There are 2 protein chains.
Amino acid sequence: MAYYKDLREYIKALEENNHLVRITRKINKDTELMPLVRWQYRGLSEADRKAFLFENVTDAKGKKYDMPVLVAAYAGTKKIYALGLMCDPNEIMDKWTYARANPIEPKLVARGPVQEEIHMGDKLLEHGGLDEIPVPISDPGFDNAPYLSAPFWVSKDPETGVVNVGTYRAMLKSQTRLGILCLHPQHMRQQWQKCKEMGYSSLPAAVVLGATPNVAYCSVARLPFGVSEYGIAGGLAGAPVELVKCQTVDIEVPATAETVIEGEIPTDYLEREGPFGEHTGYTTGEYFSLYMNVKCITHRKNTIHAAFISQFPPSESSVLRGVAQDAAIYRLLRHDCNIPTVLDVHWHRESGSNQWCVIKMKKNNEAQPWQALYAASGYNPGIGKTIIVVDEDVDIYDPDSVIWAICYGVQPHRDTKVIPGKLPALDPSSAPMDKIMTEAAPGSALLINATRKWPYPSVALPAREFMERAKKIWEEEKLPKLTPKVPWHGYELGLWSEENREEAKLAVKGEHYQTGEKLTKNRLKV
Amino acid sequence: MAYYKDLREYIKALEENNHLVRITRKINKDTELMPLVRWQYRGLSEADRKAFLFENVTDAKGKKYDMPVLVAAYAGTKKIYALGLMCDPNEIMDKWTYARANPIEPKLVARGPVQEEIHMGDKLLEHGGLDEIPVPISDPGFDNAPYLSAPFWVSKDPETGVVNVGTYRAMLKSQTRLGILCLHPQHMRQQWQKCKEMGYSSLPAAVVLGATPNVAYCSVARLPFGVSEYGIAGGLAGAPVELVKCQTVDIEVPATAETVIEGEIPTDYLEREGPFGEHTGYTTGEYFSLYMNVKCITHRKNTIHAAFISQFPPSESSVLRGVAQDAAIYRLLRHDCNIPTVLDVHWHRESGSNQWCVIKMKKNNEAQPWQALYAASGYNPGIGKTIIVVDEDVDIYDPDSVIWAICYGVQPHRDTKVIPGKLPALDPSSAPMDKIMTEAAPGSALLINATRKWPYPSVALPAREFMERAKKIWEEEKLPKLTPKVPWHGYELGLWSEENREEAKLAVKGEHYQTGEKLTKNRLKV
């Protein structure tokens with residue numbers, strides 16, 4: 001099946017798969033919209049969460065918008081993310097690995113629906129400029145403006161021409177000006193720095209809104225500098241991303257996107273941006289940062305505004321970042337560092353998918369867990385403050401299971417290591433907020449090898465056959481519906497002898513006194 | 001209201017409060033009974049778990065028992081535990097603190113229902129000895145016999161006469177012999193050692209089964225050596241525990257208990273006991289351990305056999321140990337170490353309530369988190385491998401919330417410490433199983449100060465009023481029922497200025513361009 005040609009086709013798929021809630025009542029984008037979607041992340045389990053489409057949107061002043069607003073549609077849940085990739089949730093990892101190895105270069109086309117409407121020059125303000133777009137306030141009561149939460153910034157390296165696509169939050173500062181949180185070492189900031197050093201007065205850029213999911217996923221993923229996000233997006237879709245040239249800047253954008261904002265980012269001044277809630281669960285402070293002067297807005301007829309819900313984890317951004325990072329570390333460990341015993345990787349979503357990473361492994365030597373810990377630490381200095389390796393029978397998606405592994409797999413003096421040299425970007429624990437961006441606060445990470453260091457006897461649960469039989473009785477007795485957690489039956493762990501098996505067999509036949517009798521023969525005189 | 005006079009009154013209370021499931025179909029105690037109750041710990045959330053009363057019990061050979069079997073009745077859940085103390089779950093901590101400060105000595109009475117039936121001498125085997133009691137196999141397929149999981153062992157210090165009541169698992173080895181896992185430094189083992197050194201050939205002991213909950217809770221709690229469990233049980237009940245003298249040993253037992261097994265523990269020989277599943281989630285190996293020769297069994301008419309469900313966490317034993325340890329550490333920190341800012345303590349049940357402890361604190365200086373960590377470490381060398389202190393807004397019962405606190409409150413090099421000198425008793429990570437009991441494997445603990453080290457701006461969620469308004473819309477739209485997690489709204493964390501408040505107010509009025517305009521006045525030239 002061909003990949004979604006635009007966001008609209010994808011919305012249809014969301015609806016057909018029961019992943020979409022339509023809200024038709026009037027909703028205030030500044031005070032009601034995001035709090036409503038937020039509740040599903042503070043009050044529902046992942047299985048019950050959905051994408052939301054708001055069809056009747058107003059603002060704080062009562063103005064009615066033509067554009068509907070779509071939230072949590074790219075990655076409201078892992079299942080939604082999988083739908084965005086047209087695969088099963090358990091195939092996401094392989095899909096990413098394949099796309100990284102097999103990028104498909106984008107294709108330039110003459111025209112695309114994203115330019116059905118073009119507002120530039122005098123016409124720009126006639127249509128309201130940025131006010132045309134119903135940008136919601138994410139954390140009303142704290143945020144100082146509506147911010148674009150799902151912008152895909154496209155810009156070019158002034159030296160090499162290499163295109164970067166990245167997601168950097170954008171504050172609405174006027175009808176024609178956006179603030180941008182784009183920090184070192186983020187890629188567009190590196191390009192801006194080069195522009196400045198080469199003497200250009202601005203960096204041209206375009207903000208793409210409402211692209212297909214593959215573009216969204218690549219924009220958010222932390223791909224290496226110089227790797228083309230459009231190419232990987234093509235790899236994910238199995239077909240090239242079709243691009244059109246912008247109207248006022250030398251940049252190409254997806255032809256079927258909903259909206260594009262074109263402009264210039266001056267290199268001579270910075271302007272304060274923030275505070276705004278971040279994926280750490282904390283508001284991040286006020287930084288002098290980049291801003292863009294808007295020159296042109298193009299959009300489709302009947303365009304739809306798409307926003308991520310981010311801030312306090314878990315949220316859509318936890319899934320977006322988490323899924324891509326699961327795949328990145330898995331690929332790094334298994335394919336680049338050659339540890340074939342790595343089975344799965346999971347960044348804990350409920351703390352924002354950045355600082356708690358669990359790696360599942362069926363180690364075949366004692367060096368492997370540490371190799372994985374070191375390699376994962378080396379992936380990116382801004383993430384991975386706690387990294388944990390566990391055995392293959394641990395449910396790495398369940399914190400209870402991981403804590404159990406730590407409790408009985410670890411002696412801290414032997415199996416943990418604190419390492420220096422991390423760079424905690426938006427992490428408020430690294431330094432007081434007024435110093436966090438200016439001082440290179442020392443960051444560190446905690447590595448935990450929670451695998452078992454030698455054979456254990458067995459897991460302390462009834463053997464499988466007895467649990468299966470009991471489940472049948474449970475259901476016959478009409479007791480409440482079970483959602484089994486692993487492990488749900490006992491199993492051997494290498495230190496279980498033939499004699500142990502024999503004694504257990506006697507016991508379930510009621511012949512345990514034979515064992516008792518045997519034991520009298522072998523008493524220890526004290 | 002007077003405290004429960006016996007287990008039967010308590011069972012009535014369980015039933016009236018919808019905490020009891022009666023199973024009337026025929027159930028095999030060796031293969032079906034424990035697996036059935038186990039399922040609620042592997043497949044239901046705590047709110048849905050119950051106590052189980054099996055009224056029609058058989059064994060592996062088809063023998064039918066008169067005694068029903070009661071499981072998970074003392075501490076199937078924290079609510080059940082609270083019912084056992086006749087209080088609300090949030091009052092348990094204070095109840096324990098009060099009882100420790102105000103013990104009530106037990107009262108000796110002339111006779112009690114526990115001796116309505118007396119089987120001793122020739123009569124003992126006529127009634128089957130231990131076979132009279134339907135002792136379930138906890139982990140069929142692995143356990144080598146039925147084990148008593150809820151025995152309250154009563155014995156006396158041969159030197160001081162001080163009574164100890166403790167729970168030590170007991171293997172059925174013959175109709176008149178029990179194996180006992182009772183290790184150094186457990187109290188009955190210390191008494192046995194003294195007996196041996198004083199030249200006595202045995203330590204007299206009695207196993208109480210089916211006592212009232214207060215006795216059960218004290219038997220399982222790790223009370224200091226020399227503190228009378230009967231006295232604290234009296235303190236918990238607000239009335240003395242009534243005792244009767246045993247028939248064949250100089251020991252007093254609760255007059256209204258269901259069953260008592262009297263006997264002698266030889267001091268000249270040890271006998272192998274185990275393997276048996278433990279609260280670590282692992283089977284513990286085979287140790288040379290104590291055993292008791294049974295001399296007499298007394299019980300009530302229509303007696304009921306009560307068993308704990310333990311083994312893989314969480315289980316009844318996780319709640320039993322956990323609740324008592326929550327209270328013990330809370331009391332230690334707040335009352336003995338004078339840290340009044342300690343607000344709550346929780347031992348993670350899902351890893352067995354022994355090795356992952358979270359302390360909630362509203363610190364008023366930077367020494368307090370470390371004081372709490374050191375003091376909690378010093379409580380008992382066998383427990384507390386990971387101890388974490390968090391701020392007051394963290395949900396210490398929710399691992400997601402604790403991990404979030406670790407992720408953004410901790411720099412490992414600054415806020416964690418590995419300390420030596422722990423004694424990991426049944427912990428299979430300390431040494432290979434064949435050496436675990438003989439070699440003093442070095443144990444250690446990881447201390448984590450996850451409190452915030454300085455003011456942060458705010459929690460990245462919409463302010464309370466907007467979340468409340470959105471909840472109303474959510475409910476009007478008949479979206480799925482919410483179970484709110486904390487935090488569910490944003491709040492300030494000390495670094496939120498009047499200017500921040502002003503800008504946020506402008507934003508929800510749609511006046512954010514005023515802020516944008518202000519920012520142009522204060523650009524940074526670069």
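Which strands of chain B does helix 9 lie across, and at about what angle does helix 9 run to strand 22? I shall open with that point, colleagues, and then widen the view. Helix 9 of chain B, residues 316-336, lies across strand 22 and strand 23, the latter being residues 356-361. Its direction is at about 150° to that of strand 22 of chain B.

Please bear in mind that this is a predicted model. For chain A the mean pLDDT is 96, and 99% of the residues reach 70 or more. For the complex, the predictor gives an ipTM of 0.95 and a pTM of 0.95.

In chain B, five strands form an open sheet in the order 22-23-24-26-25, with mixed pairing. Strand 22 (342-347) and strand 25 (416-422) of chain B are at the edges with a single partner strand each, so one side of each has no neighbour in the sheet. From one strand to the next, the twist averages 20°. Within this sheet, strand 24 (residues 386-391) and strand 26 (residues 443-449) of chain B run parallel and are joined by four bridges. There, T386(B) stands opposite L446(B) of strand 26. A further helix of chain B, helix 11 (residues 399-409), lies across strand 23, strand 24 and strand 26. Helix 11 runs at about 80° to strand 24 of chain B.

I turn now to strand 20 of chain B, residues 287-299, which has several antiparallel partners. Strand 7 (residues 117-120) of chain B pairs with strand 20 over four bridges, and M120(B) has C296(B) as its bridge partner. Strand 16 (residues 259-266) of chain B is joined to strand 20 by six bridges, with E262(B) opposite C296(B). Strand 12 (residues 177-180) of chain B is antiparallel to strand 20 over four bridges, and I180(B) stands opposite L290(B).

Strand 27 of chain A, residues 524-525, runs antiparallel to strand 17 of chain B, residues 269-273, and two bridges join them. In this pairing L524(A) stands opposite L270(B).

How are the two chains arranged as a whole? Chain A is superposed on chain B by a rotation of 180° with 0.0 Å of shift along the axis, at an RMSD of 0.0 Å. That is the relation of a two-fold axis. The C-alpha of chain A nearest the axis belongs to P399(A), at 3.2 Å. Across the interface, 124 residues of chain A are in contact with 124 residues of chain B. The side contributed by chain A has 61 nonpolar, 34 polar and 29 charged residues. Of the interface residues of chain A, 100% are also interface residues in chain B, so the copies meet through the same surface.

Finally, the domains. The assignment for chain A gives domain 1 (86-300), domain 2 (316-449) and domain 3 (464-520). The centres of domain 1 and domain 2 of chain A are separated by 29 Å. Their contact takes 18 residues from domain 1 and 20 residues from domain 2 of chain A. On the domain 1 side, helix 4 (92-101) and helix 7 (213-220) of chain A are the elements giving two or more residues. Helix 4 of chain A provides the largest share of that side, five residues. By class, the domain 1 side divides into nine nonpolar, six polar and three charged residues.

Note on methods. Residues are numbered from 1 along each chain as its sequence is written. Chains are lettered from A and ligands numbered from 1 in the order in which they are written. This is a predicted model: local features need pLDDT of at least 70, side-chain atom pairs count only at pLDDT 80 or more; totals for chains, interfaces and linings use all residues. Copies are superposed by least squares on the C-alpha atoms of residues with pLDDT of at least 70 in both. Two residues are in contact if their C-beta atoms, placed from the backbone, lie within 7 Å. pLDDT is the predictor's confidence in each residue, from 0 to 100. Ala, Val, Leu, Ile, Met, Phe, Trp, Tyr, Cys and Pro count as nonpolar, Asp, Glu, Lys and Arg as charged, and the others, Gly among them, as polar. Two strands pair if DSSP finds at least two bridges between them. Domain bounds come from an automatic or database domain assignment. Axes are lines fitted to C-alpha atoms, for helices over the stretch in contact, and angles run from 0 to 180 degrees between N-to-C directions.
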